[in-house]
Amino acid sequence: MSNSDIHLWSPEGFRENHWQKAEDAAALNDGGHVILPLAVFLELDDETRNVEAERIGVELQPGDALDALLPHLRHLPLVALAFPAFNDGRSYSKAELLRTRHGYRGEIRATGDVLIDQVAHMVRVGFSTLEIVNRYTISQLEAGKEAGIPLYYQPAAKAAAAPGSYA
């Protein structure tokens, strides 16, 4: 999947994506904003992490431990949480923990197969942006249609929105 296949969405609408995913630290040589896998980020030396802090984001897979990232949170502008399958909800918990327990105020991005039925809940638990590749989800969001249930019974990082909106 190329970066042109990905549409970046936030509750304010679609926006330009300034971040590129990379598999290794060599991508830092290109000068842009880079999202590194957690293991690659943790292998960076402290000087590189400090000097390049504004342009390094980290992506966690559902099985990655959030604890490994906690000492670095205050320097990270972006934490990406992966959804490799719609039925794996561990990244929802990580987003909520980042916002409520750990006070993270940077961008939390959902990556992977984000479906329209997940959007409202993702925003509610603290995601800032969603990478959308699903054509149906893109068309629904472009049309201003939201899915979701207007009443919530679970706690969340963000208060319930007014019916008919994400905000």
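Residues are numbered from 1 along each chain as its sequence is written. In this predicted model, local features need pLDDT of at least 70 and side-chain atom pairs count only at pLDDT 80 or more, whereas totals for chains, interfaces and linings use all residues, and side-chain values use heavy atoms, with hydrogens and water left out.

Helices (H or I, at least four residues) and strands (E, at least two) are DSSP runs numbered from the N terminus. Eight strands form an open sheet of mixed pairing in the order S2-S1-S8-S7-S6-S5-S4-S3, two strands being paired if DSSP finds at least two bridges between them. Strand S2 (13–15) and strand S3 (19–21) each have a single partner strand, so one side of each is left without a neighbour in the sheet. S3 runs parallel to strand S4 (residues 33–37), to which three bridges join it, and Gln20 stands opposite Val34 in S4.

Helix H3 (residues 90–100) packs against helix H4 (residues 116–125) at an angle of about 30°, with axes 8 Å apart; axes are lines fitted to C-alpha atoms, for helices over the stretch in contact, and angles run from 0 to 180 degrees between N-to-C directions. H3 and H4 are therefore roughly parallel to each other (angles under 35 degrees). Tyr92, Ala95, Glu96 and Arg99 in H3 meet Gln118, His121, Met122 and Val125 in H4, contact meaning heavy atoms within 4.5 Å.

Lys145 lies in the segment after helix H5 (135–142) and, at 47% relative accessibility, counts as partly exposed (between buried, under 20% relative accessible area, and exposed, over 50%, with a 1.4 Å probe and protein chains only).

How values were computed
Parallel < 35°, antiparallel > 145°, perpendicular 65-115°, else oblique.
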